[in-house]
Protein chains: 2
Amino acid sequence: MGDELRRFKSEIFQGLAHPTRIAIVELLRDGELSAGQLIEKLGLEQANASQHLAVLRARQIVVKRKAGNQVYYSIRDHALIEVLDILRRYFYSQLSTTVSLLREAAREAPRSRTGAHR
Amino acid sequence: MGDELRRFKSEIFQGLAHPTRIAIVELLRDGELSAGQLIEKLGLEQANASQHLAVLRARQIVVKRKAGNQVYYSIRDHALIEVLDILRRYFYSQLSTTVSLLREAAREAPRSRTGAHR
DNA sequence: ATAGTATATTCGAAAGATCGAATATTGTCA
DNA sequence: TGACAATATTCGATCTTTCGAATATACTAT
């Protein structure tokens, strides 16, 4: 039971575990885009984009709609956008603690100009 | 700038992209546990557990505290717990739409006992 | 110092992810 | 129909992840 849920979560994470796929999901945040539009906006190889879209489809992160010649993609559930937003905030909070750690280190050892030790 | 952020997000996702590591993070939800306690609760090989903990440490998902002989692990930031909670809800909502799709399919084709088409 | 316990790292094999090039599929329009 | 445009899939090379077995490190207690 919880086992199934854990497998599910890890599959979602795997689905998002690539910068290109994150970029795709972020572009789709405000509505659907065709594969071609994604390729253009991200400057991807056609095959590569299609492969990443296949990963997102397999994990049901994204949903497609065919319109004639084109295929429009959109996010299947807004929950994943929420997840990305949490991680954005998380990123900046980690960043600021890292910065203050660096600042503190600089105060303790004001002579050193490089961060390197040893 | 956004590039760095995307790389960061994908690294977090990679860090969580394994059922064992999710299980570890979930166990740590209510406070720290030693490596040995994690091994025991999850029934892992010692080396395997240590490797997964190394991944979580490398991604700064988890933080360690040495106490004598033992090493206690805890979650670095509660944000990640939030993420797991969102995915739990997401899982159940997907599950219920899947169930209703199946139910609908059964109503449309009541003769068929298998899900196979073609 | 030695033995014992807890944890981490290294190694090699197997499985999986990623990429671009090439090819296949599907739809449109003349 | 045939030519074209958009998207998907397959192939093979390369890189990464994962695992258990073996080994290393760090700490405690005698």
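Analyst: A polar contact is a pair of N or O atoms within 3.5 Å. The model is predicted.

User: How far is a polar side-chain atom of A:Asn48 from a phosphate oxygen of DNA strand C?

Analyst: A:Asn48 is listed among the residues that come nearest to DNA strand C. The cut-off for a polar contact is 3.5 Å. The distance from its polar side-chain atom to the phosphate oxygen is 2.8 Å.

User: Which side chain has an N or O atom 2.9 Å from a base oxygen of DNA strand C?

Analyst: Two side chains can be set side by side here. B:Asn69 places an N or O atom 3.3 Å from a base oxygen. The one at 2.9 Å from a base oxygen belongs to A:Gln51.

User: What share of the atoms of DNA strand C within 4 Å of the protein is sugar and phosphate?

Analyst: There are 24 residues around DNA strand C, with A:His52, B:Gly36, B:Gln46 and B:Tyr73 among those that come nearest. On the DNA side, the atoms within 4 Å of the protein are counted. Sugar and phosphate make up 66%.

User: Which element gives the most residues to the surface near DNA strand C?

Analyst: Chain A supplies at least two residues from α4 (46-58). The top contributor, with 5 residues, is α4(B).

User: How many residues of the surface near DNA strand C are polar?

Analyst: The surface is split by residue class. It has 5 nonpolar and 5 charged residues. The polar residues number 14.

User: Now the protein–protein side. How much area do chain A and chain B bury between them?

Analyst: Contact involves 35 residues of chain A and 34 residues of chain B. Carbon and sulfur atoms carry 72% of the buried area. The total is about 3500 Å².

User: Which residue of chain A meets B:Arg6 in a salt bridge?

Analyst: The interface of the two chains holds 4 salt bridges. In one of them, nitrogen and oxygen are 3.3 Å apart. The partner of B:Arg6 is A:Glu26.

User: Which element gives the most to the side of chain A that touches chain B?

Analyst: Across the interface, 5 residue pairs are in polar contact. On chain A, α1 (2-15), α2 (19-27) and α5 (79-108) each supply at least two residues of the touching side. With 14 residues, the most comes from α5(A).

User: And how many residues on that side of chain A are nonpolar?

Analyst: The side of chain A that touches chain B includes 7 polar and 9 charged residues. The nonpolar count is 19.

How values were computed:
Residues numbered from 1 in each chain as written. Chains lettered and ligands numbered in written order. Predicted model: local features only at pLDDT ≥ 70, side-chain atom pairs only at ≥ 80, totals over all residues. Heavy atoms only, no water. Contact = heavy atoms within 4.5 Å. Buried area = accessible area lost by both parts, 1.4 Å probe. Salt bridge = Lys/Arg side-chain N within 4 Å of Asp/Glu carboxyl O. Polar contact = N/O pair within 3.5 Å; in protein donor to acceptor, adjacent residues only side chain to side chain. Helix = DSSP H or I, 4+ residues; strand = E, 2+ residues; numbered from the N terminus. Nonpolar A, V, L, I, M, F, W, Y, C, P; charged D, E, K, R; others polar. Near = heavy atom within 4 Å.
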